[in-house]
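Look at the sequence and the structure shown below.

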Amino acid sequence: DTAHRLCSGTPAQRRRLLGRAKVCEELPALQEGWVQGVRALPLAQVLHGLGAGRSRAGDPVDPLVGAELLVGAGQHLRAGEPWLRVHHEGTLGAGGRRALQDALCLGPEPPRAPPPLVAETIVPA
């Protein structure tokens, strides 16, 4: 039921269902460039450290912790424009911010082509 309400509700309904973190922080692009992509692992590691994931079964998960990606591959960003919104309980330190900033991959030109959604299909012989 909760998953259905999250998937079908309006943003306001989803916020009421999940609640709100104490801090909603936007990270700005540190330089101008074209978004080549965002590395998922550093993003996941920082969010896990903030409480969005479990290290072992039974660990609590903080449903108020999360991130909103505000950019997509091929988008042009100016220095100072927000690219990520992080929801947390006031525990994101300088190291976490640095790791998140390192996850944003910018280049001087637009990417040539988006990466394929499926790299390879393996079928039984």
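A residue is called buried under 20% relative accessible area, exposed over 50%, and partly exposed in between (1.4 Å probe, protein chains only). Helices (H or I, at least four residues) and strands (E, at least two) are DSSP runs, numbered from the N terminus. This is a predicted model, in which local features need pLDDT of at least 70 and side-chain atom pairs count only at pLDDT 80 or more, while totals for chains, interfaces and linings use all residues. Residues are numbered from 1 along each chain as its sequence is written, and side-chain values use heavy atoms, with hydrogens and water left out.

Q: Which residues of H4 are exposed on the other side from its buried ones?
A: The buried residues of H4 are Gly96, Leu100, Gln101 and Ala103. They cover an arc of only 150 degrees around the axis (taken from the directions from the helix axis to the C-beta atoms), so they lie on the same side of H4. On the other side of H4, the exposed residues are Ala94 and Arg98.

Q: Which elements do the buried residues of H4 pack against?
A: Packing is judged by contact, meaning heavy atoms within 4.5 Å. The buried residues in question are Gly96, Leu100, Gln101 and Ala103. The elements they pack against are S1, strand S2 (33–38), H3, S5 and strand S6 (104–107).

Q: How many residues apart are Arg97 and Glu25?
A: A salt bridge is a side-chain nitrogen of Lys or Arg within 4 Å of a carboxyl oxygen of Asp or Glu. Arg97 and Glu25 form one, with their closest N and O atoms 2.5 Å apart. Arg97 is in helix H4 (residues 94–103) and Glu25 in strand S1 (residues 23–28), so the pair links distant parts of the chain, and the separation is 72 residues.

Q: Which residues are linked in a network of salt bridges?
A: Glu26 forms a salt bridge with Arg85, the closest N and O atoms being 2.7 Å apart. Glu26 lies in strand S1 and Arg85 in strand S5, so this pair ties together parts 59 residues apart in sequence. The network is made of Glu26, Glu68 and Arg85.

Q: How many disulfides does the structure hold?
A: A disulfide is a pair of cysteine sulfur atoms within 2.5 Å. Cys7 is exposed, at 71% relative accessibility, and Cys24 is partly exposed, at 46%. The number of disulfides is zero.

Q: How far apart are the end C-alpha atoms of residues 34–107?
A: An unreviewed UniProt entry annotates residues 34–107 as "domain: Pyrimidine nucleoside phosphorylase C-terminal"; positions are given in the numbering used here, feature names are shortened, and annotations may be inferred rather than shown by experiment. Over this stretch the chain is 31% helix and 30% strand, and the distance between the end C-alpha atoms is 5 Å.
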